[in-house]
Amino acid sequence: MSALLEVRDLRVAYGKVEAVKGISLTVEEGEVVTLIGTNGAGKTTTLHTLSGLLEPSAGHVTFAGRDVVGVPAHHVVALGLAHSPEGRHIFPRLTVEENLLLGAFLRRDAAGIADDVERGYTLFPRLRERRGQAAGTLSGGEQQMLAMARALMCRPRLLMLDEPSMGLSPIMMKKIMATVAELKSSGTTILLVEQNARAALALADRAYVMETGRIVLTGGGRELLHDESVRKAYLGEE
Ligand code: ATP
């Protein structure tokens, strides 16, 4: 059986500047895989390429057995690859519920959509309380909840989360990571990009460490949490 997501020798450039320099990674069904690394390592560029927002200059990406290089972003979503982007990108003037419904824009099954809105509210009760409120009035943490719940509205086979804890208070960060753990235990397959390497490694089945466009280390999440070079470079330990 091949992996749900297979990336081979992927290269991505902005003009002459190569941001991703030939990376390979896999995500199996049911796994949580994290991609960690310093600022500018190329993590966001990688996710944007996987979801069809950027074209690679070389390499292969297979999702659910299909070659998705060159496939437009809305078709990639339809295949079941959802992306909760860095910076959330919610629609500030629309209500919480309207934002959620936009996550189901490709679906026509009204009953299933209503069920999934409920599921989003069960996962994030705060969103239910704020369902009629303009999304722009939510706190940063609540906007992150909304971005995650919206990404789940397409019933993805793979959920990509880019920096879900960015800019959040420690308490809110814990809440968001607890929700990622809850999604994991319900069987959601997740590719997680996270600055908070400690939280990401503690949660992930496997991890890839990226530096200046290359994957420099890979292993089990817990294994890397105890790796000396990772501890020094990413966990702020001597
Ligand atoms: P961060 O955690 O800071 O978001 P990252 O690992 O996600 O970092 P990327 O955002 O993918 O890194 O950036 C990788 C490299 O590509 C960086 O050197 C960055 O400056 C460059 N880059 C990113 N976006 C663009 C762009 N639109 N045009 C030109 N260069 C870019």
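This passage describes a predicted model, moving from its strands and helices to the ligand and then to single residues.

Because the model is predicted, local features are reported only where pLDDT is at least 70 and side-chain atom pairs only at pLDDT 80 or more, whereas totals for chains, interfaces and linings use all residues. Residues are numbered from 1 along each chain as its sequence is written, and side-chain values use heavy atoms, with hydrogens and water left out.

Helices (DSSP runs of H or I, at least four residues) and strands (runs of E, at least two residues) are numbered from the N terminus. Four of the strands form an open sheet in the order β2-β1-β4-β5, with antiparallel pairing, where two strands are taken to pair if DSSP finds at least two bridges between them. The edges of this sheet are β2 (17–27) and β5 (66–67), each of which pairs on one side only. Strand β4 (residues 58–63) is joined to β5 by two bridges in the antiparallel sense, and Arg 66 in β5 is the bridge partner of Phe 63. With a relative accessible area of 45%, Asp 9 is partly exposed, on a scale in which buried means under 20% relative accessible area, exposed over 50% and partly exposed in between (1.4 Å probe, protein chains only).

In the latter pair, Leu 161 stands opposite Leu 192 in β8. Between β7 and β8 the chain passes through helix α7 (residues 170–185), and this β-α-β crossover is right-handed, a term meaning that, with the strands pointing away from the viewer, the path from the first strand over the helix to the second runs clockwise.

Within strand β6 (residues 81–84) lies His 83, which stands opposite Met 160 in β7. His 83 is buried, with a relative accessible area of 18%. Its side chain makes a polar contact with the side chain of Ser 51 at 3.0 Å; such a contact is a pair of N or O atoms within 3.5 Å, and within protein one atom must be able to donate a hydrogen and the other to accept it, while residues adjacent in sequence count only if both atoms are side-chain atoms. When neighbours within four places in sequence are left aside, the residues in contact with His 83 (heavy atoms within 4.5 Å) are Leu 47, His 48, Ser 51, Leu 53, Ala 151, Met 160 and Asp 162.

Helix α4 (residues 110–123) has 14 residues, which at 1.5 Å a residue should span 20 Å, and its end C-alpha atoms are 20 Å apart, in agreement; the expected span is 1.5 Å times one less than the number of residues. Its buried residues are Gly 112, Ile 113, Asp 116, Val 117, Gly 120, Tyr 121 and Leu 123, and what covers them includes α3 (96–102), α5 (125–129), α6 (140–152) and α7. By contrast, Thr 122, which also lies in α4, is exposed, with a relative accessible area of 55%.

Around the ligand there are 13 residues, of which Gly 40, Gly 42, Lys 43, Thr 44 and Thr 45 come nearest; a residue is near a molecule if one of its heavy atoms lies within 4 Å of it. Oxygen atoms of the ligand are placed 3.1 Å from a side-chain N or O atom of Asn 39, 2.7 Å from a backbone N or O atom of Gly 40 and 2.9 Å from a polar backbone atom of Gly 42.

Thr 38 is found in the loop between β3 (32–37) and α1 (43–50) and, at 39% relative accessibility, is partly exposed. Apart from neighbours within four places in sequence, Thr 38 is in contact with Lys 43, Met 210 and Tyr 234. The C-alpha atoms of Thr 38 and Thr 212 are separated by 8.3 Å, although these residues are 174 residues apart along the chain.
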